[in-house]
Structure formats: C-alpha cells, structure tokens
Amino acid sequence: MGFISLIIILGTLIASVIAQQQCVPYTSNYTFTTGYPPIWVTPGAETFTTPEYQQLNKSFNWAMVPNIPPNKLVNGALDLSTYSASDPNCWWSFKNCVNPKAPGLNPDISFCPEPGSWGLTYDDGPNCSHTEFYDFLKGQNQRATMYFIGSNVADWTNEAKRAYADGHQICVHTWSHPYMTTLTNDQVLAELYYTRKAIKYVIGVTPRCWRPPFGDVDDRVRAIAQLLGMSTDIWNLDSNDWKMIPAGTSTPAQVDSIFEGFVQMGKNGTFATSGVITLQHELNNGTMSKAQQWYPQIKGAFKHLVPVASCMNITHPYAETDITYPSFSEIVGSGSTSGTGTNNPSSSGGSGPNSTHKSSSVSMTSCISLISMVAIMLIAQLSSTLF
C-alpha cells in the first residue's frame with residue numbers, strides 16, 4: 001500500500017473518530033462539593049444555614065424587594081387562575097409584561113433597538129454533547145449571548161471556559177432552572193448568586209445579566225436580580241426549538257416552519273424600525289443542529305447578528321471594570337461578529353469567600369485520555385482495514 005493511500009486512510013479514520021467523540025467525558029479541575037448548593041437541586045436549608053449565605057442575606061436590602069407572594073405550580077404548570085387580570089406584579093408568564101410596575105425597577109431587555117438586527121442568544125448551556133456547535137460559531141466568526149445554568153457550568157467547566165474564550169457574552173440562567181416566581185426570596189437569591197459565583201470561579205468574570213427560565217419573572221424576582229446588579233433579559237421571538245423531539249413533542253418540520261417565519265419577517269420589513277432578541281437553546285444535539293441549519297438564512301434576512309450586550313451598547317457586561325465588550329457600531333464596523341475583545345479575566349477564585357480555585361487550565365488528564373482513546377481506536381480500525 002502506497003504512502004499517500006495510507007495517509008488518506010489515516011485521515012478518514014481520524015475524521016471518523018472525531019465525529020464519534022463530539023464530547024469526551026473528563027474530570028474537572030474545579031470542585032463544587034463545598035460552597036455551593038447540590039448540583040441540579042434548588043437551594044434549600046443546607047444552603048441557607050451556611051455562613052456565606054447568611055452574610056449575603058444580611059447584606060441585602062430587602063426593603064427594596066416588593067412584598068409579592070410566590071406563585072404556585074399545579075401539576076407542573078403555573079397556576080394563573082387566581083391572578084388579577086390587571087397584572088399588578090408585571091408577571092411575564094401572565095401577559096408578557098416587560099415594563100415593571102414596582103418603583104425603581106429597570107425595564108426588561110426584550111429586543112434590540114437597532115433596526116433589522118438579530119440578538120443571537122442560546123439558553124441552557126454549557127453543553128458537552130455537541131462541541132461542533134461552538135466550532136461552527138467560531139468558524140462563522142459569530143458571537144452570541146450564552147445564558148448558562150450554574151449546574152451545567154459545574155458539570156462542563158471546559159465548555160464554559162471555551163465559550164468565554166471564543167468571545168461570547170456570558171449571562172446567568174439560574175442554578176437549577178426552576179420557575180423563579182414560585183420560589184421564596186431566599187431561593188431566588190441563591191439561584192442567582194451561586195450561578196454567578198460558579199461562572200466567576202470557572203471563567204473569571206461576574207455577569208451583569210440573567211434570563212429567567214421559561215421567562216417566569218415578576219417584580220419581586222426582578223428586584224432581587226437588580227439588587228445583585230443584573231439586568232433581566234427576555235426575548236421577542238421564540239423559536240420553540242426546545243419543544244422538538246426528543247425533549248418535547250414538536251417535529252423538526254414544525255420548528256423549521258417557525259424559523260422560516262423569522263426569515264420572512266427579516267425580509268418583509270417587519271423589523272424595519274427595531275430589531276429582535278431570539279430564544280434558542282444549546283439544550284441538545286437537535287437544537288444545536290437546528291441553529292446551524294438556519295444560521296445562513298437568518299444571516300441573509302437580517303442586517304446584523306450580534307450578542308445582546310452589543311445590540312444594547314453595553315460595553316461592560318461584567319462587574320470587572322477592566323473587561324470591555326464591543327458596542328454595536330464597533331462590532332458592526334469591524335466587519336466581524338466575533339473575536340476576543342479587550343478581555344483580561346481575573347485568575348482569582350470565585351466571588352464568594354468559600355470558593356476554592358484548583359486550576360484555571362484545561363485538564364491535562366482529559367487531553368491525554370482523549371489522545372490515548374483516539375490512538376487506540378485508530379490502531380484498531382487501521383489494523384482491520386489493512387489486514
């Protein structure tokens with residue numbers, strides 16, 4: 001067998017192995033066994049009795065939080081039956097209210113003001129089932145806003161670090177993805193605080209933005225988030241990609257029809273005077289593949305695809321004042337929707353006193369394990385091919 005043929009076989013086998021190994025399990029260099037709620041558990045007494053949380057709670061200006069009772073779930077759904085039709089609490093789940101009625105609260109960020117612009121966002125990350133998704137965005141030189149779940153950050157630290165390194169804006173999407181208006185004040189504060197703490201611990205930045213799961217927010221929850229220094233981000237176009245099978249019951253064709261509607265809106269002038277912020281997800285392979293499928297058509301129908309920070313001209317999306325992000329004119333004028341900006345992330349530990357930063361580098365053990373796995377599979381497959 002000639003040398004060229006051997007190289008072709010090796011290249012094919014390498015590509016095959018890489019395709020099969022979109023996400024290789026690894027051991028994280030970060031620990032969340034102390035100083036955090038249990039992963040994927042809504043914070044409770046075990047969190048509220050810690051010195052860290054008690055100190056946080058006592059430092060909080062609860063007088064600024066409206067006295068609104070938590071909402072209730074009935075058979076897993078929000079109970080809207082007894083709520084006043086006047087929507088006194090600006091409950092988004094009731095009438096999509098984005099302009100708070102309680103004094104002193106900022107409006108939600110729900111659309112991009114720049115005409116024809118598309119605020120590109122993805123919820124529920126980071127996700128290690130489909131690393132091709134981040135490769136795709138990087139290949140398109142495309143930045144987006146990523147709303148990270150704290151428990152996912154704990155599970156997939158390398159992906160969290162990569163998202164920030166690729167220039168994406170990182171925001172909070174709670175610790176365990178609950179209906180936030182159904183929680184107590186303590187639970188709301190903990191869901192937000194410990195997610196932000198985890199992001200600071202792993203990535204080195206403290207987000208000043210969050211998005212409520214299911215959009216479930218009212219003035220009580222907004223006030224707690226605002227006291228933590230975070231804007232409440234919603235959307236005005238929902239792809240409903242999360243409903244697609246296997247996570248939901250919608251067919252891929254049904255989700256395609258929604259994206260097709262978005263494309264038509266971009267082309268027919270629906271957003272000639274202002275732009276959009278979309279709701280998409282890096283929930284699973286299906287949602288991420290669908291995002292890649294429709295990206296070229298969305299890009300062709302809208303003038304600019306940008307992160308929320310850029311479309312809102314928020315040049316300091318993190319509490320760290322030495323980190324800047326491109327404004328709308330900068331990100332558009334550069335001819336690029338990606339890049340690293342002027343970032344100088346802190347290498348210190350988390351935002352809470354109990355954070356312990358073991359290492360900020362990607363696990364060398366993971367790299368060695370991946371190389372070994374690829375080598376073994378290549379040898380096995382090459383042997384069967386040659387002999």
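Predicted model: local features only at pLDDT ≥ 70, side-chain atom pairs only at ≥ 80, totals over all residues.
At 0% relative accessibility, cysteine 90 counts as buried, where buried means under 20% relative accessible area, exposed over 50% and partly exposed in between, with a 1.4 Å probe and protein chains only. Residues are numbered from 1 along each chain as its sequence is written, and side-chain values use heavy atoms, with hydrogens and water left out.

Cysteine 90 sits in the loop between strand S2 (77-78) and H4; helices (H or I, at least four residues) and strands (E, at least two) are DSSP runs, numbered from the N terminus. Its phi is near 50°, a positive value in a residue other than glycine. Most residues other than glycine have a negative phi, and most peptide bonds are trans.

Cysteine 90 is also part of a disulfide (a pair of cysteine sulfur atoms within 2.5 Å), and its partner is cysteine 97. Both cysteine 90 and cysteine 97 are buried.

| Disulfide | S to S | Angle about S-S | Hand |
|---|---|---|---|
| cysteine 23 to cysteine 128 | 1.9 Å | 100° | right-handed |
| cysteine 90 to cysteine 97 | 2.0 Å | -95° | left-handed |
| cysteine 112 to cysteine 311 | 2.2 Å | -85° | left-handed |

With the bonded cysteines of the protein chain numbered in sequence order, the pairing reads 1-5, 2-3, 4-8, 6-7.

As for the link of cysteine 23 and cysteine 128, a disulfide joins the two. Cysteine 23 belongs to the loop between helix H1 (3-20) and helix H2 (45-48), while cysteine 128 belongs to the loop between strand S4 (121-125) and helix H5 (132-139), so the pair ties together parts that are 105 residues apart in sequence. Cysteine 128 is buried, with a relative accessible area of 4%.

**Around strand S4**

The loop between S4 and H5 also holds proline 126, and the peptide bond from glycine 125 to proline 126 is cis, with omega near -10°. Another cis peptide bond runs from isoleucine 245 to proline 246, with omega near 10°; proline 246 is in the loop between strand S9 (237-238) and H10.

Is S4 itself enclosed or open? 5 of the 5 residues of S4 are buried, so S4 is largely enclosed by the rest of the structure. Two strands pair if DSSP finds at least two bridges between them. S4 pairs with strand S5 (residues 145-148) in the parallel sense over 4 bridges, and tyrosine 122 has methionine 146 as its bridge partner in S5. S4 also pairs in the parallel sense with strand S10 (residues 276-281), over 2 bridges; here the bridge partner of aspartate 123 is histidine 281.

S4, H5 and S5 make a right-handed β-α-β unit; right-handed means that, with the strands pointing away from the viewer, the path from the first strand over the helix to the second runs clockwise.

**Helix H11**

Helix H11 (residues 285-301) has 17 residues and reaches 25 Å from its first C-alpha to its last, close to the 24 Å expected at 1.5 Å a residue, the expected span being 1.5 Å times one less than the number of residues. H11 bends by about 45° at tyrosine 295, and proline 296 follows within four residues; the bend is the angle between axes fitted to the seven residues ending there and the seven starting there. Buried residues of H11 include Trp294, Tyr295 and Ile298. Their cover includes S4, H5 and S10, with contact meaning heavy atoms within 4.5 Å.

**Two loop residues and the whole chain**

Alanine 102, in the loop between H4 and S3, counts as buried at 16% relative accessibility. Not counting residues up to four places away in sequence, alanine 102 touches Pro66 and Asp219. Tryptophan 40, in the loop between H1 and H2, is partly exposed, with a relative accessible area of 40%, and its phi is near 65°.

The protein chain has 14 helices and 11 strands, and buried residues make up 50% of its 387 residues.
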